[in-house]
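Please read them with the structure open.

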2 protein chains.
Amino acid sequence: MFQVSQKSMTKIDGSVASPKGFSAKGVHCGLRYSKKDLGMIFSSVPAVSAAVYTQSHFQAAPIKVTQNSLKKDSYLQAVIVNSANANACTGEQGLFDAYETRQKLADMLGIEPELVAVSSTGVIGQYLNMEKIHQGISLLKQIEPSHINFEKAILTTDTVTKRTCYQLMIDDQTVTIGGAAKGSGMIHPNMATMLGFITTDASIEEGALQRVLREITDISFNQITVDGDTSTNDMVLAMANGCAGNDCLDENHENWSVFKKGLQFVCADLAKQIARDGEGATTLIEAEVKGAKSNLEAQMMAKKIVGSNLVKTAVNGSDANWGRIIAAIGDSTASVTADKVEIHLGGQCLFKNSQPQPFSEALAKNYLENSEVKILVQMYEGNGTGVAWGCDLTYEYVKINASYRT
Amino acid sequence: MFQVSQKSMTKIDGSVASPKGFSAKGVHCGLRYSKKDLGMIFSSVPAVSAAVYTQSHFQAAPIKVTQNSLKKDSYLQAVIVNSANANACTGEQGLFDAYETRQKLADMLGIEPELVAVSSTGVIGQYLNMEKIHQGISLLKQIEPSHINFEKAILTTDTVTKRTCYQLMIDDQTVTIGGAAKGSGMIHPNMATMLGFITTDASIEEGALQRVLREITDISFNQITVDGDTSTNDMVLAMANGCAGNDCLDENHENWSVFKKGLQFVCADLAKQIARDGEGATTLIEAEVKGAKSNLEAQMMAKKIVGSNLVKTAVNGSDANWGRIIAAIGDSTASVTADKVEIHLGGQCLFKNSQPQPFSEALAKNYLENSEVKILVQMYEGNGTGVAWGCDLTYEYVKINASYRT
């Protein structure tokens, strides 16, 4: 897609709180039984911000409130996130509650409400307990910053927190990009909600930030699937507060591609962490499609492969059942010449020239027992490439999602 | 869609062998360990025939051979079906084998090879054992007709045979329409292959048969989903031999709607039998969408609901988790006004006016414990209606599909 020297990019042990001027907190306010359930990211100065949202027809109330905040101008200074309750499908009351949450946090911080974004994840169709939200905001005022507490507060049935951080050089200034995310599952299992928060101290023009966030989201977060269900609350939010002191970035800046690559690394890293922690998952599945007619077609096919229940169960059973990969590709609307397609797994070619290829089942089985497996498909239709990430389908997934909500 | 008096239509305990002039057989030739694996339908006279095929880019060899038979003219007199091996992704050799199968059956019956259709279901990427196919064709010559043996011979991991039969009056003649089908699963688990065979003694114009088969397939077989994966071998074949003695049917015949309704009953009946017998399934899920902008949008949404892993696991756990139905509808490209949507389950309204509705969880849980459940969604966008069928997602599904092929 674009070539950038790896040397200009360093992964560090950081978080959303690592870029200059950012801090994060998390508390327990009582929406969950005992775990942290309310978090906040804060920037010492207003940050140019951009967001991409779920495409669901049923966008949740907090999504609407965040859109309202970003409509005035593209600046945000804080985002408040609760878990356990999605505040989705809750009508006028839900919208009122989300606006009140925004107002209360703004009052606590002494900033305008339009500088606050609101985000929720959890069960659909239940009203927020606003008394607990108010208590939580008071607690957020009192406690010390801790990015770990923030990362915990946004989780539902996730089994691990998800963070990443990269540093890059722009205009001889160190620019830091940090990220946090949550994946799929709920205490009261409900939806595969995905939230991502990116912070950076880069100075960047607002239109450029929105464009690059959309572009990178399409090849990172939008390329993961746990169960094919799109949440009412999905959101990825990026905040850039300019504290690094670089010249304002846009597509014409000579280091634009460095920033873009850094953002891609951050988003792809979080996306893979989400897929790996999919409900009940034991294996991260990466599908790479090369030589498609376009990147879009390659991305679509890659996502179809990792989204196939039959591929997911085959990986779960360490079974190199490549017919299922054929089924997934065959069903796509992309350009496919059946005679040209090749399927590779763990260094072995399984299918080529429209015929099965001899391969070692033992080696393939062994490879599929890794915690991370990669399926490579060669199309020979053009230069399009795409990667997608998913996870295996296990008894545990059925168990988590078949259990009664209460 | 179209109104026809129920009185003119009778369901009888029949099969593909019930329409006048049709017979069916099934034998064990050794592709499976001990079960029947090779079947044949035969008509005493050539029958006007029509077929719809998988849309996969990797159409299997037998599909290509059947297309070749129907290209000469629209007449078929026999169809041969093997289970255990899909003869898909087997290159030139596979195509050669499918043509040879057609020739051998034609020789045995003493008819032209172009009057024979070929169909296969089973594991992908393995060559057919032609010696066993030859032996099976010899056996087919010797044994007595038995529609039950045919129904058994086309199964893979199906747990029950699937047949249906309706009788109707056309031109004061009794017309019979029979059907057989197989659903999803394999001895060597591989793909959700779906085969359907419809026979009728009606006289019908060939173009009209092809058009109505396509139309009815779209609202019956194409509205079921077990796991969202499309096979390389799916086919529905209809044969009409004219033995009933009615005036030739087409869209202008005064009893056209009677025939069409009869075909719809036959196809929908088989489709539901397939969904109910989905791999590992315990519950048939029917989703009906009313008031969509068009029938097509209603069908699409209904299929999205029954195809959602989260809906499927919720039904498995008897959990009235309607947020998951919202997620499925919300994610569709259809016209959706979030405020208008209503969700009903077992006589209770769960969601309306964009707000959760009070309902009895106990009653809902009780309803979901039935072996057949219906989800009703009201859209209030127009007059479009659509129905789709699926099944719950169970541990057993994961078990069947995670087990190693050999």
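1. For the helix pairs below, an axis is a line fitted to C-alpha atoms over the stretch in contact, and an angle runs from 0 to 180 degrees between N-to-C directions. The model is predicted, and every value in this note was computed from it.

2. Start with helix α2 (residues 91–109) of chain B and helix α3 (residues 130–142) of chain B, whose axes come within 10 Å and cross at roughly 20°. Angles under 35 degrees count as roughly parallel, so α2(B) is roughly parallel to α3(B). The crossing of these two helices is right-handed.

3. Which residues of α2(B) meet α3(B)? They are B:D97, B:E100, B:T101, B:K104, B:L105 and B:M108. On the α3(B) side they meet B:M130, B:I133, B:H134, B:I137, B:L140 and B:K141. Sorted by class, this contact holds 6 nonpolar, 2 polar and 4 charged residues.

4. The crossing is right-handed.

5. The α7(B) residues in this contact are B:M301, B:K304 and B:I305, and they meet B:I325, B:A328 and B:I329 in α9(B). The contact of α7(B) with α9(B) comprises 5 nonpolar residues, no polar ones and 1 charged residue.

6. In chain A, look at helix α5 (residues 206–219) and helix α6 (residues 256–276). Their axes come within 10 Å and cross at roughly 45°, which means that α5(A) is oblique to α6(A). The crossing of α5(A) and α6(A) is right-handed.

7. From α5(A), the contact takes in A:A208, A:V212, A:L213, A:E215, A:I216 and A:I219. From α6(A) come A:W256, A:F259, A:K260, A:L263, A:Q264 and A:C267. By class, the contact of α5(A) with α6(A) has 9 nonpolar residues, 1 polar residue and 2 charged residues.

8. On to the sheets. Chain A has an open sheet of 6 strands in the order β13-β12-β11-β14-β10-β15, with mixed pairing. Its edge strands are β13 (355–356) and β15 (384–391) of chain A, each of which pairs on one side only.

9. Within the chain A sheet, strand β10 (residues 284–292) and strand β14 (residues 372–378) run parallel and are joined by 7 bridges. In β14(A), A:E372 is the bridge partner of A:L284.

10. Which strands of chain A does helix α9 (residues 323–330) of chain A lie across? The helix lies across β11 (342–345), β12 (348–352) and β14 of chain A, and runs at about 55° to β14(A).

11. In chain B, 6 strands form an open sheet in the order β13-β12-β11-β14-β10-β15, and the pairing is mixed. At the edges are β13 (355–356) and β15 (384–391) of chain B, each pairing on one side only.

12. For an antiparallel pair in the chain B sheet, see strand β11 (residues 342–345) and strand β12 (residues 348–352), which are joined by 3 bridges. B:F351 in β12(B) is the bridge partner of B:I343.

Conventions:
Residues numbered from 1 in each chain as written. Chains lettered and ligands numbered in written order. Predicted model: local features only at pLDDT ≥ 70, side-chain atom pairs only at ≥ 80, totals over all residues. Heavy atoms only, no water. Left-handed = near helix turned anticlockwise from the far one by under 90°. Helix = DSSP H or I, 4+ residues; strand = E, 2+ residues; numbered from the N terminus. Contact = heavy atoms within 4.5 Å. Nonpolar A, V, L, I, M, F, W, Y, C, P; charged D, E, K, R; others polar. Pairing = 2+ DSSP bridges. Parallel < 35°, antiparallel > 145°, perpendicular 65-115°, else oblique.
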